[in-house]
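This report describes a single protein model, shown below. Please keep the sequence and the coordinates at hand while reading.

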Amino acid sequence: MAGPMKMRATLAGGYTDVRVLMTHPMATEQQTKGQPHFIQNLTVKVSGKTVIEGEISQAVSRNPVFAFKVKGAKSGDKLSVTWQDNKGEQRTDEVVIKAGS
């Protein structure tokens with residue numbers, strides 16, 4: 001059901017631009033006849049240190065894409081993204097931060 005995330009993390013001008021596509025159905029109560037299925041929690045870490053924590057609702061579209069900037073990361077650092085949904089499923093993927101052009 002939920003496949004690997006597609007992620008990109010590029011360092012430029014002191015900030016890391018991050019873009020994440022999450023494969024998830026994000027189904028509402030209306031779509032599933034009362035049993036919604038959606039990502040609830042999102043955590044982003046750089047080299048093991050939490051830099052973003054957030055909560056998401058079922059109002060987000062299927063296979064959501066999130067984009068954000070992180071300050072203080074270095075080229076070569078590992079950025080990991082973890083999500084957990086309302087049914088207890090969880091996924092973590094990581095990418096190495098690359099220097100931009």
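The text covers an open sheet, a nonpolar core and one histidine in a loop.

The model is predicted. Four strands make an open sheet in the order β4-β3-β6-β7, and their pairing is antiparallel. Its edges are β4 (49-55) and β7, each of which pairs on one side only. From one strand to the next, the twist averages 15°.

|---|---|---|---|

Together, β6 and β7 form a hairpin, with 4 residues between the two strands. G88 lies in the turn of this hairpin and has a positive phi of about 90°.

**Nonpolar core**

In soluble globular proteins, nonpolar side chains tend to be buried together. The largest nonpolar core of this model holds 22 residues. Which of its residues touch the most other members? They are M5, V18, V20, M22, L79, V81 and I97.

At least two residues of this core come from each of β1 (6-12), β2 (15-21), β3 (39-46), β5 (65-71) and β6 (78-85). The strand that gives the most is β3, with 4 residues.

Leaving aside residues up to four places away in sequence, V18 touches R8, A9, F66, A67, F68, V70 and L79.

**The histidine in the loop**

H24 is in the loop between β2 and β3. Is H24 buried or exposed? The relative accessible area of H24 is 1%. Buried means under 20%, so H24 counts as buried.

Not counting residues up to four places away in sequence, H24 touches A2, H37, F38, I39, R62, N63, P64, W83 and D85. Of these, I39 falls within β3 (39-46), and W83 and D85 fall within β6 (78-85).

Notes:
Residues numbered from 1 in each chain as written. Predicted model: local features only at pLDDT ≥ 70, side-chain atom pairs only at ≥ 80, totals over all residues. Heavy atoms only, no water. Core = buried A, V, L, I, M, F, W, Y, C linked by side-chain atoms within 4.5 Å. Buried < 20%, exposed > 50% of the residue type's maximum accessible area, 1.4 Å probe, protein only. Contact = heavy atoms within 4.5 Å. Pairing = 2+ DSSP bridges. Axes fitted to C-alpha atoms, helices over the stretch in contact; angles between N-to-C directions.
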